[in-house]
Amino acid sequence: MKIKLISKITAGTVVASILTYYASPVFAYINEETIYSKANQSGENYKSTVTTITEDKDGTNTVQLDLDKQIPIECKITYYLNGKEITAKEIAGKSGHIKIKLDYTNSSINSIKIDDEEESLYTPFIVLSGVVLDNKNNKNIEITNGKIITNGNKVIAVGITMPGLQESLNLNIDSLEIPTSIEISMDTEKFEIGNIISYSTPKIFGELDINSESFSDLFDKVNELQSASKQIEDGSVELSDGIIQLNDGAINLNDGVEQLDDGINTLQNGAVTLNDGAVTLKNGMEEYTSKTQEFGVAMNDVANGVNLLNSQYSQVNDGINTLNSSSKELNSGAQSVSEGAKNVSDNLNYISGVLAETSSGAQSLYAGTKEAHSGINEIVNGVSKQVEASKTSENIQKLDSMQQVIDKDLELITQYQNLVASIPDKTSQDYQNAYAILTVLQANYTALSGAKGTITNASNSMGELYSHLTALQQGINNLENGAGTLSNGISEISNGTLELAKGSETLANGASNLYQGTNALTQGTESLASGSSQVVSGINTLDSGTKQLNSASGELSKAAGTICGGAKNLQEGTASMVNGVNSLSNGSKELKNGTATLTSGTSQILDGANTLTSGIREFNTEGVNTICDFVNKDIKNTLKRVEKLEEISNNYVSFASKDKRDDIKFITMTDSIKVESDSNSDKKDGKAKK
């Protein structure tokens with residue numbers, strides 16, 4: 001489990017902590033030492049100075065001296081252009097993808113005893129590095145182990161390293177990686193870079209106040225965590241075993257429910273078939289019972305009818321004799337009807353001929369009125385055209401045009417008259433001339449008004465003529481309609497008479513046939529009277545048989561009623577059974593669905609339990625156990641080293657002098673890279689001073 005330290009502590013937080021720590025006012029005298037170094041573009045120091053500030057009751061004393069001593073933190077700067085290493089001189093002004101790598105090393109080593117063994121621990125320096133970049137030529141600026149701060153057109157890249165701390169804590173790099181280098185990358189159009197400033201101090205650990213006793217509770221809790229995690233793992237295994245048994249039971253239950261459902265389906269189908277048969281039997285018995293009852297009623301009616309026939313047959317026999325006598329009289333009357341019908345037919349044929357002549361005269365009258373109507377129509381149409389021509393065609397347009405011109409002229413004359421009247425000097429020549437013209441115009445005015453009246457009168461006279469002709473046309477039209485109606489009526493009477501004549505002929509024929517039929521009827525009644533005596537014997541026999549049949553039908557009806565009641569009870573029982581089987585089937589299906597859901601759910605629970613067991617086991621193996629081992633082994637050992645590093649930090653009280661200092665810090669500035677000047681012009685020599 002690799003943990004990047006820089007992902008846990010941002011550079012901004014570290015900067016703020018450092019600035020807050022060193023900017024906080026203290027109520028003590030100042031006693032500090034600051035070492036300033038200059039380095040070339042590759043990171044090699046070539047000049048160092050030390051500034052000492054001491055303060056006591058007499059005042060503040062500041063001393064600055066050149067230093068001929070190698071500082072404990074060294075830096076190597078490497079430049080890359082598009083993935084290839086390049087020197088500082090060559091990279092100036094280049095364009096492309098730039099990467100700058102700053103590797104820091106710690107040369108301050110201390111020999112310390114830990115658990116009676118001699119160990120080499122580095123002084124715990126923390127190095128904060130930063131550079132200001134132009135946002136105009138440089139894009140996509142990134143930094144590892146640090147933070148990018150944008151301020152308008154400038155970008156500040158700040159990174160943090162702790163060289164030597166990985167070795168001092170004896171930490172596996174796979175568990176925890178403490179940065180010792182910084183990489184700054186960008187896309188540039190023209191590469192230039194200002195001074196890279198690094199700030200180093202060993203005093204961060206001195207403020208942590210770390211000891212192993214303060215972590216004793218943590219170690220106890222870690223052991224409890226490991227024990228509880230093992231119990232959880234064992235419980236998950238037991239849970240998984242129980243769920244396996246539950247899943248097996250659910251599967252067996254589901255199989256049994258499926259068999260039960262199949263049996264219930266078979267029972268349901270049989271119950272439905274049985275109920276259908278019971279319904280058919282019930283309906284058949286009801287119909288049979290109904291028919292037997294109807295048969296009994298019919299037999300009663302037959303018996304009653306036979307009794308009535310037997311009691312009244314003497315009257316029937318008398319009627320037959322009377323019929324025989326009457327048929328002879330009917331035969332004589334039919335002969336008289338046949339002769340009268342022939343006379344009616346002859347008279348109707350004569351009337352039909354007279355009506356035919358009358359119809360011809362009516363048609364001639366109708367044709368004459370039609371011709372008169374046609375003539376008056378032509379006259380009316382001619383006058384109508386004249387009236388219309390005078391009103392709606394070119395004539396009325398001309399008349400209207402003439403009237404419009406007359407009206408316009410009359411209006412102009414009136415306007416001119418008003419104009420002449422408005423001349424103030426009635427004695428002037430202008431007035432005299434205008435008045436003379438006005439006199440002529442007034443005469444024209446009178447003539448135009450008369451012409452307009454004439455046009456109007458002419459139009460009105462033509463309208464009156466058209467009105468009279470229209471009234472005459474309507475009268476002739478009514479006469480024509482009346483003549484037509486008279487002609488049609490006579491034609492209909494003639495046609496009706498012809499039909500009546502035809503009907504009378506048919507009547508005569510029918511009367512002749514009636515006469516022939518009455519002859520046959522007379523002969524039949526004579527035969528009927530002869531056979532009537534034989535009917536009496538048959539009626540007596542029929543009466544005896546119907547009495548026996550009526551008695552048997554009553555017994556049959558009672559038996560059918562009993563069977564019908566039983567069929568009805570059977571049908572009601574089968575219907576109740578079908579309802580019960582249906583309810584049982586619905587319950588079985590719900591049970592089947594429920595067991596299927598249960599089986600699916602237990603299967604999912606089993607998968608989840610297996611996943612849970614596997615996850616808990618993996619969590620214990622790779623997580624809890626690893627953490628516990630790390631805490632009980634690495635952290636315990638690391639805490640001892642941290643305590644020693646805290647002692648080293650607190651004991652780092654001098655560097656450039658023998659006097660003890662409360663605070664010591666190192667500030668290094670590298671040379672900038674510019675295009676327009678020699679990038680190494682401020683370097684005294686190419687080697688760092690020793």
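How many aromatic pairs does the count come to in this protein chain? The count comes to three aromatic pairs, and two of them are described below, in a model that is predicted rather than solved by experiment. Ring pairs link Phe125, Tyr652, Phe655 and Phe666 into a cluster.

**Confidence along the chain**

- Averaged over the protein chain, pLDDT is 74, and 60% of the residues reach a score of at least 70.
- Strand β7 (residues 96-106) has the highest mean pLDDT among the elements, at 98, while helix α1 (residues 5-8) has the lowest, at 38.
- Over residues 1-26, pLDDT stays under 50; for this stretch the model has 36 contacts beyond four places in sequence.
- Residues 679-690 also have pLDDT under 50 throughout, with 30 contacts beyond four places in sequence.

**Phe125 and Tyr652**

- The rings of Phe125 and Tyr652 form an edge-to-face pair, 5.5 Å centre to centre with 85° between the planes.
- This pair links distant parts of the chain, with the two residues 527 residues apart.
- Phe125 lies in the loop between β9 (117-122) and β10 (126-134), and Tyr652 lies in the loop between α7 (429-651) and β17 (663-670).
- Are these two residues buried or exposed? Phe125 is buried, because its relative accessible area of 1% falls under the 20% cut-off.
- Tyr652 is buried as well, with a relative accessible area of 12%.

**Phe655 and Phe666**

- The ring centres of Phe655 and Phe666 are 5.0 Å apart and their planes meet at 85°, so this pair is edge-to-face.
- Phe655 sits in the loop between α7 and β17, whereas Phe666 belongs to strand β17 itself; the two are 11 residues apart.
- Phe655 is buried, with a relative accessible area of 10%, and Phe666 is buried with 3%.

**Lysines over rings**

- Which ring does the charged end of Lys69 sit over? The charged end of Lys69 sits over the ring of Phe655, 4.1 Å from the ring centre.

Definitions and conventions:
Residues numbered from 1 in each chain as written. Predicted model: local features only at pLDDT ≥ 70, side-chain atom pairs only at ≥ 80, totals over all residues. Heavy atoms only, no water. pLDDT = per-residue confidence, 0-100. Helix = DSSP H or I, 4+ residues; strand = E, 2+ residues; numbered from the N terminus. Contact = heavy atoms within 4.5 Å. Phe/Tyr/Trp six-rings, centres within 6.5 Å; stacked < 30°, edge-to-face > 60°. Buried < 20%, exposed > 50% of the residue type's maximum accessible area, 1.4 Å probe, protein only. Lys NZ or Arg CZ within 6 Å of the ring centre and 35° of its normal.
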